[in-house]
Structure formats: structure tokens, C-alpha cells
Amino acid sequence: MSGAERPTAVLAALASNLGIAVAKFVAFLVTGSSSMLAESLHSVADTTNQGLLLLGHRRAGHAATRQHPFGFGSERYFWSFVVAVLLFTLGGLFALYEGITKLQAPEALTSPEWAIAVVLLAMVLEGASLRVAVREARETRREGATWWEFVRDTKTPETAVVLLEDTAAEVGLVCALLGVGLSVLTGDTRFDAVGSIGVGIVLGIVAVVLAMEMRSLLIGESAEDDELEAIRDAVAEEPSFERLIELRTMYVGPDDLLVAMRVELDASLTFDDVAARLDRMETRIRDRLPATGQVFIEADTGDGPGRSEGPVPDS
């Protein structure tokens, strides 16, 4: 998803979660269900999160400034990290608190059919939002990659956030439905409290996973192996190329790959020849990797002090 494209999955999730939040709050006010209150706060958190993702998407499009010469693409990573924090605190911790409180002091449910109807409606709406996110993710998912690998590898945070949020929402709704349903069948409202605890655990797990992935992107992730190979090939095709001394890459935004390298060229080349060859290398790199932003290529012999050979190894 480029910065110019509409974040379709986020917009679909925003509309879905806003409607679901209103319906869940109505059901909570009617039934007094802990699970429904937990799910209501979950939907409020999700709606807020979609707004933050849209904010990050918009701010990422700002032009580079003197203070931020590489632009604002990482805004999308930052606000996605904030989403993970809010999902954990506003959603997960509150659901756990509400569930534990009601487990210690159970309260009777009134009109549980309201809660069940709203949960079923929410499942349909969340499923529609998840379907949009899945369709959008398939456009960029590597062939043969699992969904977990997609979440780990993608440089587009919004799609990963919506995928995990909607999946967590569906699992949470199942917990809420089981909690309310078992409370009705057994007459023991502690099942409803357990359902709320289940919602909190699910949200907590998803929030931690999201936070870890967004942290990795904020620190700066390199290009993927196939992208690195494309860069190496683009450089090696240039006549008079001798060897690639060093290569560094980093995504400073989902659509902004920073490339820096040192190459050794034929020592007999003139200054103008070297400049022309470096320009052609850069052009080929941009042609093959449209997400490339800044490209820095230095012609060198590789004999200087403190120089390292090749890319930084994986830790």
C-alpha cells in the first residue's frame, strides 16, 4: 500500500468498529453483562486505533524537512505502536479487571438475548472487515508465505494491525458469546466474568505481538532477501564493476527504502566515468525496486581503515 493509496482495510475496520461499539454499549446497558462491557471497551479501543492509523497514514505523506531529511514515513510505524499500547491498556487490562471484579462479586444478567444478538451481529461485521484486510494483504503477501510470516515480514503496518485486531475481535466475541450463553444455560453468571477474562487475555497477546513487530520496524528493518539480491544484480550489471564492498538498507517508511553502499570500480576510470556508472546503478535500482527512496553509492577501493566487508550479519 503506497502512501498515496486509500487505506481501505483501515476505513472498513473504522466503520465496522464504530457501529459495533454503539451496539455493544446498548447491549451492556440492557443486560449488565461483564463480557459485553469488556467487548464494548474493546470496540471503542479498536475505533480509536483506526483513527490513529489514519492519522499516521496522513502524516507519513508530509514532505521531508530540514529537521527530518528522510521524511515522515516512520510515522506509520509510530502510531501503529501506539495502537498496540492502547489495545493492551484500554482493551486488555480493562477486560481483565472487569472480569476478575465480576468473578469475585457476580451480578445477575438481564435480557441476555440482547447480548447474544449483538455479539452475533458484531461477528458478521467484524468478519466483513477481516475479509477486506485479508484481500488487501494478499496483494503483498509473498507466494507460499503463511499469515504469520506475512505479519512478521510486512513493512505496511496498517494491514498487519487490522488483520490481528479483527482476528482478536472474532476470538473475543466467541469468548463473550460463550460467557453469556453458559451464564444463561447454567444460571451461574461467573461464566460471563470468565468470558471477559478471556477477552482480556486475547487482547493482551495480540497487543504484545503487535508491539514487538512495530518496535522492530521503528528501529529499522533491512530490505528482504529478494530485494537485496535485486540491488546486487543491478550493481553487478554495470561494466567496469569489480565488487560490492558494503551494502546497508533500511526501511524508513513502508514505501521508502534507504540504500547505502560502497562499490569498487575499475581503477582506470576517470571521474566522469565513475559518476556516470554510479548514476546508471542508481537508476537500475530504482527501476527494480520502486519503493526505493534515498540511494547513496560510494566508489571506493575498500582498503580504508575500519571498513567492514559485506552486509551486517543477522544476529
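Trainee: Which residue in β3 is the bridge partner of Val263?

Mentor: The model is a predicted one. In it, Val263 has Ala299 of β3 as its bridge partner. That pair belongs to a set of six bridges between β2, residues 256-265, and β3, and these two strands run parallel. Another pair between strands is Leu257 with Thr292, the latter in β3.

Trainee: In which order do the strands lie in the sheet?

Mentor: The order is β1-β2-β3, in an open sheet of three strands with mixed pairing. Two strands, β1 (241-253) and β3 (292-299), form the edges, each pairing on one side only. On average, neighbouring strands are turned by 15 degrees against each other, direction ignored.

Trainee: In which sense do β1 and β2 pair, and over how many bridges?

Mentor: The sense is antiparallel, and there are ten bridges between β1 and β2. As an example of facing residues, Arg243 stands opposite Glu264 of β2.

Trainee: Why is β2 described as largely enclosed by the rest of the structure?

Mentor: The description follows from a count of buried residues: β2 has ten residues and seven of them are buried, so the strand is largely enclosed by the rest of the structure.

Trainee: Which strands does helix α8 touch?

Mentor: Helix α8, residues 225-236, packs on the sheet and touches β1 and β2. The direction of α8 makes about 140 degrees with that of β1. Helix α9, residues 271-288, lies across β1, β2 and β3, and runs at about 150 degrees to β3.

Trainee: Let us turn to a helix. Is Ser196 buried or exposed?

Mentor: A residue is called buried when its relative accessible area is under 20%. Ser196 has a value of 0%, so this residue is buried. Ser196 belongs to helix α7, residues 190-219.

Trainee: What does the side chain of Ser196 reach?

Mentor: The side chain of Ser196 reaches the backbone oxygen of Ala95, at 2.8 Å. When neighbours within four places in sequence are left aside, the contacts of Ser196 are Ser34, Ser35, Ala38, Ala95, Leu96, Glu98 and Gly99.

Trainee: How far apart are Gly200 and Gly92, in sequence and in space?

Mentor: In sequence they are 108 residues apart, and in space 4.1 Å, C-alpha to C-alpha. Gly200 lies in helix α7 and is buried, with a relative accessible area of 2%. Not counting residues up to four places away in sequence, Gly200 touches Gly92, Ala95 and Leu96.

Trainee: How does one find where empty space is left?

Mentor: One rolls a probe the size of a water molecule over the atoms, and this shows where empty space is left. In this model, the count comes to one cavity of 30 Å³ or more. The largest cavity holds about 40 Å³ of space. Its lining consists of Gly32, Ser34, Lys102, Pro106, Glu107, Leu109, Thr189, Asp192 and Ala193.

Trainee: How much space lies in the second largest pocket, and which of its lining residues are closest to its centre?

Mentor: The second largest pocket contains about 480 Å³ of space. It is lined by 22 residues, of which Thr140, Thr154, Lys155, Glu227 and Tyr251 are the closest to the centre.

Trainee: Which element supplies the largest share of that lining?

Mentor: The largest share of the lining of the second largest pocket comes from α5, with three residues. Both α5 (147-153) and α8 supply at least two residues each.

Terms used. Residues are numbered from 1 along each chain as its sequence is written. This is a predicted model: local features need pLDDT of at least 70, side-chain atom pairs count only at pLDDT 80 or more; totals for chains, interfaces and linings use all residues. Side-chain values use heavy atoms; hydrogens and water are left out. Two strands pair if DSSP finds at least two bridges between them. Helices (H or I, at least four residues) and strands (E, at least two) are DSSP runs, numbered from the N terminus. Axes are lines fitted to C-alpha atoms, for helices over the stretch in contact, and angles run from 0 to 180 degrees between N-to-C directions. Contact means heavy atoms within 4.5 Å. Buried means under 20% relative accessible area, exposed over 50%, partly exposed in between (1.4 Å probe, protein chains only). A polar contact is a pair of N or O atoms within 3.5 Å; within protein, one must be able to donate a hydrogen and the other to accept it, and residues adjacent in sequence count only if both atoms are side-chain atoms. On a 1 Å grid over the protein atoms alone, a cavity is a set of points where a 1.4 Å probe fits but cannot get out, and a pocket is an open set with protein on both sides within 12 Å along at least five of seven lines; lining residues have an atom within 4 Å of a point. Grid points are joined across faces, edges and corners, and a volume is the space filled by probe spheres set on the points.
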